[in-house]
Amino acid sequence: MSAPNTVDRVIAQGRQMGLTQSTALVIGSIIGVGVFSLPYSLSKFGPISLVAMGIASLTAIAFALLFAALSRRMPADGGLYAYSRTAFGNAVGFGNAWSYWIDACAGNAAIAVGWVYYVEHFINKDGTTGSSVLIALTCLWVPAVVNLTGVRNVGELQVVTTVLKFIPLLFLATVGLFFITPQNFSTWNTSGDSDVAAIGGAMAICLFTYLGVETAAVAAAKVRNPRRNIPRATVFGTLAAAVVYMLSLTAIFGILPAATLSLEENRDSYAVATNTILGGTWSGDLVAAAVIISGIGASNGWTMICAEMPRAAAEDGLFPAVFTRTNWRGAPFVGIVSSTLFASAAVLVSFWGADGSTVFTTLVLTTGITAAIPFGFSALAQIVWRVQDRRLGITAHFVRDVLVAVVAVAASIAFIYYSRNTGESGYVVWGPFLLAGIALLLGVPVYLAERSRMVPPDPVPPYDAP
């Protein structure tokens, strides 16, 4: 999960994105800090996590095909929110918009916690909780201040951070494969549960690293020739991320045993693996520094999304009108501040009585739950629309579209089902559902207050076969 840096630059210059820029948007939005913290969180499951990542990758490709088809038919700004609202009305549309906002806020909090792992490569090496919380809050509020100033060169900064985060990924995905020790795969499942349960639990965590697959569809209004470019960018970008993910994660589990990955001092697993390959500590320091810079860029971009999404919903009357307000620099300050406060609260609640690994995993699973809701409703919208098309005699690509949508619905349900944490404490095990449930319930009074302002959605456009 990273920052959609291309959008900021292109919009600022008053242009629309072509295929190359749209694909960069998807890749840059998918690949972020989360993948650098993933091995540590997956270490409790062991190398069987590679199967989970493989399934999650195939599922992400299914979602990519789903959003490609939906954006071809309805290239509307807002993407997921627009699909559910058009298909099922304002009530469902509000629920999906609110859930996606929660997803973005919780995801930003997870970025901050994952960022802590690499900052603590240099400071607070003993992992003192109070200091860890302060570091995480720094990752949230520094980008918030930057967003409030409306600085135009933020986009250029994010280009640099995007490039930097590819260096350790590409290194492990290529050179790292030559340093794999086959013996590290001998203990396949270290979770103590069945293989099915281990794969399910790991897969729910892996979903977090694919958040961003929907960004080209969400930014449809900013894409040139959206019917052609959004589907291709979505699929190409997802495939590229899947290849890098699978290869680098395979290298990590092959270089470092699961028992080593699970150690608190090895939370910055990409830095540790790089040190193992090259020797010494200098290479790991460079990797950690690259991830730290990348993390600030990622949080900066998602802070922008956390503010822009409710502003778009507010313009349709679904969110309070206050979200449309901007400061003297043109920044949607209400959305920026409220979203960052929301993410800060998620960090504080998650750190309450839990260690760093549990905090990150809890936030990741919370984003899985809140992302699966709008993902699933988008798939349901596709099924409803294609069935209606068939009744009208429009059968082109019917089987393909419905099959992909059914897989997406099933995957959404599975991700919610497996979003339980591991541990003996009920608070920890059900923490993701607790956080997601509280956040979703907070939307009820907002919906009741905004019902009278909501404008009817536009009718669904007719099917246009590719």
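Modeller: Angles between axes under 35 degrees count as roughly parallel, over 145 as roughly antiparallel, 65 to 115 as roughly perpendicular and the rest as oblique. Axes are lines fitted to C-alpha atoms, for helices over the stretch in contact, and angles run from 0 to 180 degrees between N-to-C directions. Helices are DSSP runs (H or I, at least four residues), numbered from the N terminus.

The model is predicted: local features need pLDDT of at least 70, side-chain atom pairs count only at pLDDT 80 or more, and totals for chains, interfaces and linings use all residues. Residues are numbered from 1 along each chain as its sequence is written, and side-chain values use heavy atoms, with hydrogens and water left out.

Start with helix α6, residues 90-119. Its axis and that of helix α7 (residues 129-149) come within 8 Å. They cross at roughly 125°, so α6 and α7 are oblique to each other. The crossing is right-handed.

Helix α20 covers residues 443-450. The axes of α6 and α20 come within 11 Å and cross at roughly 140°. This pair is therefore oblique too. α6 passes α20 in a right-handed crossing.

Next, the loop between α6 and α7. N124 lies there. Its phi is positive, about 50°, although N124 is not a glycine. Most residues other than glycine have a negative phi. N124 counts as buried because its relative accessibility is 15%. Buried means under 20% relative accessible area, exposed over 50%, and partly exposed in between (1.4 Å probe, protein chains only).

H397 also has a positive phi, about 60°, and is not a glycine. H397 sits in the loop between α16 (356-391) and α17 (398-417). With a relative accessible area of 34%, H397 is partly exposed.

Now I205, in helix α9 (residues 195-208). At 1% relative accessibility, I205 counts as buried. The C-alpha atoms of I205 and L363 are separated by 9.6 Å. Along the chain, these two residues are 158 residues apart.

Last, L247. This residue is in helix α11 (residues 226-255). At 34% relative accessibility, L247 is partly exposed.

Methods. Helix = DSSP H or I, 4+ residues; strand = E, 2+ residues; numbered from the N terminus. Left-handed = near helix turned anticlockwise from the far one by under 90°.
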